[in-house]
Amino acid sequence: MALKEQDIKALVPLCIVGQARAQQSLYEAFLPYVYTICKRYFIPEHFLKDMVQEIFSSMFMSLNNYQENAGSFKSWLRSIAVYKIIDYKRKKKLRILELSDHNSFVSVDSGALSSLYLENLLELISHMPDGYRVVFNMFLIEGFSHKEIGEFLGITAETSRSQLSRAKIWLQKKISFQIEKDHKFTELMNSL
């Protein structure tokens with residue numbers, strides 16, 4: 001059930017005073033959104049429900065801090081979700097590599113991405129090192145700036161840029177390998 005901003009404005013004060021129906025409405029309206037964020041950061045399936053519950057629990061406990069004039073409720077909730085996910089990743093010993101060389105670049109045929117299905121791309125991203133994947137998601141999917149990412153993760157903006165650059169290179173190499181593998185398989189099938 002999609003809620004309009006005016007519906008959210010009406011529900012927030014009711015949620016703050018603990019009205020269960022209002023809380024249920026807000027929860028149900030944003031459950032798919034929060035679930036999608038968790039999946040995008042590749043929260044393990046066995047921990048997914050717990051993570052979603054932690055995010056909503058944190059959201060309900062922080063509703064007094066929500067300011068309508070500071071942005072949409074959805075973006076405020078997204079920030080809470082990302083903070084919780086990053087905190088989880090930190091606890092799992094998220095390692096951000098401070099690497100300084102930016103010289104390597106792999107070129108990929110511009111049509112290469114179109115040959116991969118979205119599922120294949122998500123599968124590749126799921127195998128990306130945690131540090132790369134978190135920055136990749138935060139910058140390219142969530143739209144955070146490198147400065148914001150740095151503040152979230154306790155790194156410099158330059159390290160965030162470096163991680164994103166390395167994530168892109170890592171992904172390009174994996175895509176190139178996948179395309180080469182698919183090409184060899186096609187050649188093998190055609191030779192039969």
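The model is predicted, so to speak of local features pLDDT must be at least 70, and side-chain atom pairs count only at pLDDT 80 or more, while totals for chains, interfaces and linings use all residues. Residues are numbered from 1 along each chain as its sequence is written, and side-chain values use heavy atoms, with hydrogens and water left out.

**The core**

Met138 also belongs to the largest nonpolar core, which has 50 residues; Cys38, Ile55, Phe73 and Met138 are the members that touch the most others. At least two residues of this core come from each of H1, H2, H3, H4, H6, H7, H8 and H9, and H4 gives the largest share, with nine residues. Such a core is a set of buried Ala, Val, Leu, Ile, Met, Phe, Trp, Tyr and Cys residues joined through side-chain atoms within 4.5 Å. In soluble globular proteins, nonpolar side chains tend to be buried together.

**The chain as a whole**

The chain has nine helices and zero strands. Helices (H or I, at least four residues) and strands (E, at least two) are DSSP runs, numbered from the N terminus. Of the 192 residues, 38% are buried. Among contacts with a separation of 6 or more, 71% join residues 24 or more positions apart. The accessible surface is about 11800 Å², and carbon and sulfur atoms hold 54% of this area; the method is Shrake-Rupley with a 1.4 Å probe, and for residues only the protein chains shown count as cover.

Buried means under 20% relative accessible area, exposed over 50%, and partly exposed in between (1.4 Å probe, protein chains only).

| Residue | Relative accessible area | Class |
|---|---|---|
| Val17 | 68% | exposed |
| Phe42 | 22% | partly exposed |
| Ser58 | 19% | buried |

Val17 sits in the loop between helix H1 (5–16) and helix H2 (20–40). With Leu14 and Ile16, Val17 forms a nonpolar surface patch of about 270 Å² accessible area together. Nonpolar patch members (Val, Leu, Ile, Met, Phe, Trp, Tyr) have over 30% relative accessible area and no salt bridge, with side chains joined within 5 Å; a salt bridge is a side-chain nitrogen of Lys or Arg within 4 Å of a carboxyl oxygen of Asp or Glu.

Phe42 lies in the loop between H2 and H3, and its phi is positive, near 55°. Most residues other than glycine have a negative phi.

Ser58 is in helix H3 and touches Ile80 and Lys84, not counting residues up to four places away in sequence.

Definitions and conventions
Patch = residues over 30% accessible without salt bridge, like charges linked within 9 Å, V, L, I, M, F, W, Y side chains within 5 Å. Contact = heavy atoms within 4.5 Å.
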